[in-house]
Every structure is written in C-alpha cells, then in structure tokens.
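User: Could you take a close look at one strand for me, with its neighbours and the pocket beside it? I would like one connected picture.

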Amino acid sequence: MQRLTGKVALVTGAARGQGRAHALRLAREGADILAFDACTAFEGVEYDPSTVEDLEETGRLVEAEDRRAMVRRLDARDLAAVEAFVEEGVAELGGLDVVVVNHGICNYGFTWELSESQWEEMISVNLTGVWKVLRATVPHLIEQGRGGSIVITSSVAGLRGLPFLAHYSAAKHGVVGLAKTLANELGRHEIRVNTVHPGGVRTVMGGATFNGERGQAEPFGGALNDLQLASTLGPIFMNTLPHTHMEPEDVANAVAFLASDESRYMTGTQVTVDIGTLIR
C-alpha cells in the first residue's frame with residue numbers, strides 16, 4: 001500500500017543524489033512532486049554542480065512512476081522565487097503535504113583557515129536557504145488545515161563537532177535548532193518537523209574536497225591520510241557497521257517514513273542514518 005497516495009511533496013536539491021532519491025521514493029509512495037535545485041556552481045565548492053538536465057531527469061523519473069512532477073531551476077536563497085514556485089505548485093497540484101528541505105553544499109578546511117566567503121556561503125545555503133524554504137511553505141501548510149510533515153536534511157555533523165567542517169557543522173547544528181523551534185510552533189496545527197542525519201552517502205558531494213584536493217568519495221577528501229590526524233581524530237570517523245558509505249536510497253527510506261502517517265507521533269526528533277558512527 002502506498003503511504004502518500006493523494007499527497008503533494010516538495011523536495012529541494014532534487015537534481016541528483018539524496019534529493020533525487022527522496023523525490024523518487026515519495027513518488028513511489030504515491031505523492032506528486034514539486035522539485036527544485038540551483039543547478040549552479042558555488043564559489044567555495046570544487047565538485048561538479050548538478051545541471052538542469054539532471055533536474056529534468058528527476059522530473060522524468062517521477063513521471064515514470066505515474067506521478068505528476070513540476071521541476072524548476074532556482075536557488076533556495078531567492079525567497080521571492082521560492083514563494084512563486086510554491087504558489088504555482090500548490091495551485092497546479094492541489095496542495096502541499098510534505099516538505100523535504102534537502103539542498104546543501106560542502107567543502108573542507110581547518111576552522112582558522114576558512115575564508116570569509118567560504119563561511120558566509122555555507123551559512124547562506126545550508127541554513128538561511130533552509131529557513132527561506134520554510135518561510136515559503138509553512139503558511140500553505142497552516143492555511144490548508146490538514147496537517148503535514150516537514151523533513152530537513154541535517155547531518156551527523158549536526159550532532160557532533162566534526163573536524164574540518166566548522167562552517168558546515170555550524171549550519172547543520174543550526175538546522176536542528178530551527179527544526180525543534182518550528183516543531184513547537186506548529187504542533188497545534190498537526191504539522192510535524194523532524195531532521196534526518198545521514199553519515200557518509202555515496203553522492204557527488206560525498207567526494208568533496210579538503211584544502212583544494214579533490215576527494216574520491218572518501219571521507220573528508222582523504223584528510224586522515226595524515227598520520228598525526230589519523231591517530232587523534234580517526235575514531236571520530238569510524239562506523240560501527242562494516243561500511244564506509246551508504247546509498248542515497250538508504251536515507252530516502254527514513255525520509256519516506258517521516259513523511260508518512262506511520263511517524264504521526266514523531267516531531268522535533270533527530271533521526272540518524274549514520275552506519276553507527278554516532279554510537280561513539
């Protein structure tokens with residue numbers, strides 16, 4: 001039985017990776033999909049950006065599941081553009097029930113060596129951009145009066161102080177505080193807000209860079225090849241289960257659960273899909 005039949009879900013960062021996996025999983029659960037992605041290069045990011053073709057392919061894959069799809073290239077930091085897309089999508093697809101705020105960027109560096117632009121871009125995309133999507137969608141959820149589910153992608157870095165990721169970790173911790181506050185505010189409207197916290201996921205972003213050296217889907221761009229760092233920080237990056245990375249679909253399983261009524265009494269929670277790294 002499809003758990004989201006008759007529902008409409010918005011997914012950000014949907015061109016590829018986790019965002020595409022979430023869009024497809026929610027479509028398979030019966031939801032029509034609104035999806036957007038910036039599809040552009042960011043100043044401090046060295047891995048290849050998603051493309052408009054990637055985003056359009058997500059739309060085609062959703063339609064192949066016999067669901068409706070509306071896709072748009074836009075930046076989550078452009079509040080007016082996000083609001084316009086949500087308005088259009090709600091009118092076209094008949095409402096909004098699930099919001100999956102998944103977009104984000106990543107790069108690495110020692111805290112004291114990060115540039116101002118690295119810090120500001122990370123916070124603007126991974127935290128301020130999240131708030132702007134919520135600003136554009138929550139009024140619709142409230143006005144409809146039929147409840148809803150909001151799922152925000154944080155990270156294990158949102159629950160732990162991961163080295164080399166001060167800006168990323170600050171943004172992902174900020175997302176948790178934002179979600180908890182919003183969960184308290186929206187409870188009376190039967191709107192739930194939860195965060196999901198992936199560990200290493202096999203995506204393009206998972207092969208991001210450390211100090212300008214391109215990583216190859218290796219945790220922290222191979223920074224722990226430095227023996228001194230490995231001896232002091234290595235245990236932080238170890239997983240309990242015998243795997244280094246998971247697939248985007250593994251995170252999508254958790255997102256689908258949080259979007260569905262099976263999690264109807266869960267709100268303000270931090271759901272980890274982390275290969276056991278946070279046990280330590």
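Analyst: Happy to! This is a predicted model, where local features need pLDDT of at least 70 and side-chain atom pairs pLDDT 80 or more, while totals for chains, interfaces and linings use all residues. Numbering starts from 1 along each chain, and side-chain values use heavy atoms, without hydrogens and water.

The strand is β5 (148-153); strands are DSSP E runs of at least two residues, helices H or I runs of at least four. Because six of its six residues are buried, β5 is largely enclosed by the rest of the structure (buried: under 20% relative accessible area, 1.4 Å probe, protein chains only). G148, I150 and I152 lie on one side, and S149, V151 and T153 on the other. In a regular strand, side chains alternate between the two faces of the sheet.

On to the neighbours. β4 (residues 98-101) pairs with β5 in the parallel sense over four bridges, pairing being at least two DSSP bridges. V151 is the bridge partner of V100. β6 also runs parallel to β5, joined by six bridges, and G148 is partnered by I191 there. From β5 the chain crosses through helix α5 (residues 166-186) to β6 in a right-handed β-α-β crossover, that is, clockwise from first strand over helix to second with the strands pointing away from the viewer.

How values were computed
Buried means under 20% relative accessible area, exposed over 50%, partly exposed in between (1.4 Å probe, protein chains only).
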